[in-house]
Amino acid sequence: MDLNWVVLSLLLPMLVAVVPAVGFAVLFNVPIRFLKYCGIAGAMGYGTRIIAMQLLDFPIEIASLAAASVVGCLAMYWSRKFLAPVQVFAVAAVIPMIPGKFAFGAMVGLMEMNLHNHFDPALMTDVLRLGLKTVFILMCLALGIAAPRLLFYRAKPVV
């Protein structure tokens, strides 16, 4: 791992991920003093996903779960520190990890089948693969945000 890899494959995408995280935080009316934390959480989550996928060879679903768990832990820490809801920090921070590419591919496949009005098994397999990948990534993002709260905010112990 050299310096070029770190800059081009890790730091640059992390910096780019700050833009949608802060943008959606502004869209969701997050107070201005919390915008930098949304950007930091978005960058940390996206960086975690890149490391999990490229260095550890995790599939994108598991990498998204790990990244959303990092975002959830950061959001839980900041929510306790600043007495704000966890969603203020977490929801905008996972927006850069939304699987738009896979959802778009599934929709284009469905539109192509509808436009030509015939069933193509290969195209249907591709649509199902992309659609299921989209659903699983979204489920992992939701579980990753919720998991730290479920693990650490217990009213009474498990045993």
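Buried means under 20% relative accessible area, exposed over 50%, and partly exposed in between, with a 1.4 Å probe and protein chains only. The model is predicted, so local features need pLDDT of at least 70 and side-chain atom pairs count only at pLDDT 80 or more, while totals for chains, interfaces and linings use all residues. Residues are numbered from 1 along each chain as its sequence is written, and side-chain values use heavy atoms, with hydrogens and water left out.

**Exercise 1. Describe the salt bridge and its setting.**

Task: state how many salt bridges there are, and say which residue pairs with D126.

Solution. 
- Step 1. The criterion is a side-chain nitrogen of Lys or Arg within 4 Å of a carboxyl oxygen of Asp or Glu. By this rule there is one salt bridge.
- Step 2. D126 pairs with R129, and their closest N and O atoms are 2.6 Å apart.
- Step 3. Both residues lie in helix 6 (residues 121–152), three residues apart, so about one helical turn separates D126 and R129. Helices here are DSSP runs of H or I with at least four residues, strands are runs of E with at least two, and both are numbered from the N terminus.
- Step 4. D126 has 30% relative accessibility and therefore counts as partly exposed. R129, at 45%, is also partly exposed.
- Step 5. In general, side chains of opposite charge can pair when their charged atoms come close.

**Exercise 2. Sort the aromatic pairs.**

Task: how many aromatic pairs are there, and what is the geometry of F24 with F28?

Solution. 
- Step 1. Rings of Phe, Tyr and Trp (its six-membered ring) pair if their centres lie within 6.5 Å; planes under 30 degrees apart count as stacked, over 60 as edge-to-face, and the rest as tilted. The count by this rule is eight aromatic pairs.
- Step 2. The F24 and F28 rings are 5.9 Å apart centre to centre, with 50° between the planes, and the pair is tilted. F24 is partly exposed at a relative accessible area of 33%, and F28 is partly exposed at 41%.
- Step 3. F82 and F89 have ring centres 6.4 Å apart and planes at 40°, so this pair is tilted. F82 is partly exposed, with 26% relative accessible area, whereas F89 is buried at 0%.
- Step 4. F82 and F89 belong to a cluster linked by ring pairs, which also holds F34, Y37 and W78.
- Step 5. A charge over a ring is a separate case: NZ of Lys or CZ of Arg must be within 6 Å of the ring centre and within 35 degrees of the ring normal. K133 lies over the face of F102, at 5.4 Å from the ring centre.

**Exercise 3. Relate the record to the helices.**

Task: which residues does UniProt list for "transmembrane region", and what is the helix content of residues 6–27?

Solution. 
- Step 1. The protein chain has six helices and zero strands.
- Step 2. The unreviewed UniProt entry lists residues 6–27, 34–52, 58–77, 89–110 and 130–152. UniProt positions follow the numbering used here, feature names are shortened, and annotations may be inferred rather than shown by experiment.
- Step 3. Residues 6–27 are 100% helix and 0% strand, with end C-alpha atoms 31 Å apart. Residues 130–152 are 100% helix and 0% strand, with end C-alpha atoms 34 Å apart.
- Step 4. The unreviewed entry in UniProt also places "domain: Threonine/Serine exporter ThrE" at residues 14–149. That span is 82% helix and 0% strand, and its end C-alpha atoms are 25 Å apart.
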